[in-house]
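Open the model in your viewer and keep the selection tool at hand.

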Amino acid sequence: TQDAAEAIGKRFGAYVMTTARRSIRKPNKAGDPSPAGQPPRAATKTLKSSIIFAYDPSQRAVFIGPRILPGRIGKDAPEALEKGGTSTAMTRRGRRRQRVAKRAFMVPALEKRLPELPLLWKNAIQK
């Protein structure tokens with residue numbers, strides 16, 4: 001059976017994952033990127049579907065975030081979006097490093113859901 005920490009970790013992980021996925025919107029008709037400081041816009045579902053969570057029973061911790069997409073151009077893009085920095089992009093001329101402004105989506109999702117965590121524990125202890 002699951003202990004309370006595992007059940008709460010998995011539930012909280014699902015909450016943050018869903019919030020982060022929902023923050024990523026489709027581009028507007030002009031195809032403009034999102035303003036710096038706002039969650040990114042994505043034309044495909046690759047970024048959204050890469051956001052996952054996993055509970056590690058040995059550490060009794062939940063890990064939430066985009067998984068690495070091996071072998072793909074731009075596999076460093078999620079970290080560059082979250083923190084700002086550079087990412088590899090494919091252009092007509094080949095691979096190119098490009099600067100990416102900070103467009104965090106994981107930290108705001110965590111901050112939005114964090115106030116709910118004490119209530120999850122309170123409900124678990126009462127059961």
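In which helix do Lys83 and Glu79 both lie, and how many residues apart are they? Select the two: they sit in helix α3, 4 residues apart, about one turn of the helix. The model is a predicted one, and in it Lys83 and Glu79 form a salt bridge whose closest N and O atoms are 3.3 Å apart. Both residues are exposed.

A search of the whole structure gives 5 salt bridges. Next, select Asp3 and Arg60, another of these pairs, with 3.2 Å between the closest N and O atoms. This pair links distant parts of the chain, 57 residues apart: Asp3 is in the segment before α1, and Arg60 is in the loop between β1 (51-56) and β2 (61-66). Asp3 counts as partly exposed because its relative accessibility is 31%, while Arg60, at 54%, is exposed.

Move to Glu116 and Arg113, where the side chains meet in a salt bridge of 2.9 Å, N to O. Here Arg113 is buried, with a relative accessible area of 18%, and Glu116 is partly exposed at 29%.

Now select Ile24, Ile51, Phe105 and Met106. Among the 16 residues of the largest nonpolar core, these four touch the most other members. Helices α1, α3 (77-83) and α4 (106-113) each supply at least two residues of this core, and α1 gives the largest share, 5 residues.

Last, select Arg22, Arg25, Lys26, Lys45, Lys48 and Lys112, which form a positive surface patch. Lys45 lies in the loop between α1 (4-23) and α2 (46-50) and is exposed, at 67% relative accessibility.

Note on methods
Residues numbered from 1 in each chain as written. Predicted model: local features only at pLDDT ≥ 70, side-chain atom pairs only at ≥ 80, totals over all residues. Heavy atoms only, no water. Patch = residues over 30% accessible without salt bridge, like charges linked within 9 Å, V, L, I, M, F, W, Y side chains within 5 Å. Areas by Shrake-Rupley, 256 points an atom, 1.4 Å probe, with all protein chains shown as cover. Salt bridge = Lys/Arg side-chain N within 4 Å of Asp/Glu carboxyl O. Lys, Arg positive; Asp, Glu negative; His and termini not counted. Charge placed at Lys NZ, Arg CZ, Asp CG, Glu CD. Buried < 20%, exposed > 50% of the residue type's maximum accessible area, 1.4 Å probe, protein only. Core = buried A, V, L, I, M, F, W, Y, C linked by side-chain atoms within 4.5 Å.
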